[in-house]
Amino acid sequence: MAHLLADDAGMTVYVGCPDLLGGKDGKLVLADFYHGLLNWHRYDAYGTLFLSRSPKFRIGFDDDGGWSDQRPPRWPDPEYPQQIHFDIAVPELVAADTLVTAAGGALLQRNTGYRIYADPAGDPLCLYPDPSTAATGPAVGRLVYDCFSPRSLASFYEGFLGVEKRLDDSPERVVIDLDDDDLPNLAFQHAQFPAPRWPDPAYPAQLHIDYRFTVDHERPHYQTPAAEAAMQRAEQLGAIHLRNAVYADPAGHPFCF
């Protein structure tokens, strides 16, 4: 099976943004925070702020990304969950700690080999040292999904994306290898929490993923042949079609084409 994100396809992770953070535009605050941490190219397209290091992977910031004031993330409280978070590889943890806290982040937990922080909106993220990033700078190494059954959800994404290699495989945690320097790997970890029920603001998903394909100017983006085939494969594997090009994986995480 061909890799879904090979060639001209790509992935955008949207971070849901509150209207205001500290009296400032929430989109600008979060974009500034992640730009300061990652130092990726920053640009505005169609009213949405983006960060990108390559055309295949970018992070977007908007007020339609799934944010809800009713249930903002409060890690590690499972009643206020963050169902997807970034694992970010940095050259060195101490220097990164100074950078994160100076940019408005907060240290939540110090562990052996990695640290957990909250961004200015409370979204948790993990930083871990990776000397290989000394030349290129920090990188999003993994997107980590909370779910009840990591092996079950990993199997869905392996079939959906056409990925076969697991870097980690246990009942508590699975990591699948996208085998692409421009894309993060996907990780799945066991957690019990109120699953997202898009678009219900009482059960939000503060982050969601768009899968992007080569544009066909003759019809909507999500009706290109590659997107249509991906939709069919997702449904066959257990995804639920919610609306237009919006689907939910078997654990309830919404994603779009």
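**View 1. Salt bridge between arginine 71 and glutamate 79 in the predicted model**. The closest N and O atoms of arginine 71 and glutamate 79 are 3.7 Å apart; a salt bridge is a side-chain nitrogen of Lys or Arg within 4 Å of a carboxyl oxygen of Asp or Glu. Arginine 71 is buried at 15% relative accessibility, while glutamate 79 is partly exposed at 42% (buried: under 20% relative accessible area; exposed: over 50%; partly exposed: in between; 1.4 Å probe, protein chains only). The structure holds 12 salt bridges.

This is a predicted model, in which local features need pLDDT of at least 70 and side-chain atom pairs count only at pLDDT 80 or more, whereas totals for chains, interfaces and linings use all residues. Residues are numbered from 1 along each chain as its sequence is written, and side-chain values use heavy atoms, with hydrogens and water left out.

**View 2. Salt bridge between arginine 142 and aspartate 87**. The N to O distance is 2.9 Å. Arginine 142 lies in strand 11 (residues 139-147) and aspartate 87 in strand 7 (residues 84-90), so the pair ties together parts 55 residues apart in sequence. Helices (H or I, at least four residues) and strands (E, at least two) are DSSP runs, numbered from the N terminus. Arginine 142 is buried at 19% relative accessibility, and aspartate 87 is buried at 6%.

**View 3. Salt bridge between lysine 165 and aspartate 177**. Their closest N and O atoms are 3.9 Å apart. Lysine 165 is partly exposed at 49% relative accessibility, whereas aspartate 177 is buried, with a relative accessible area of 13%.
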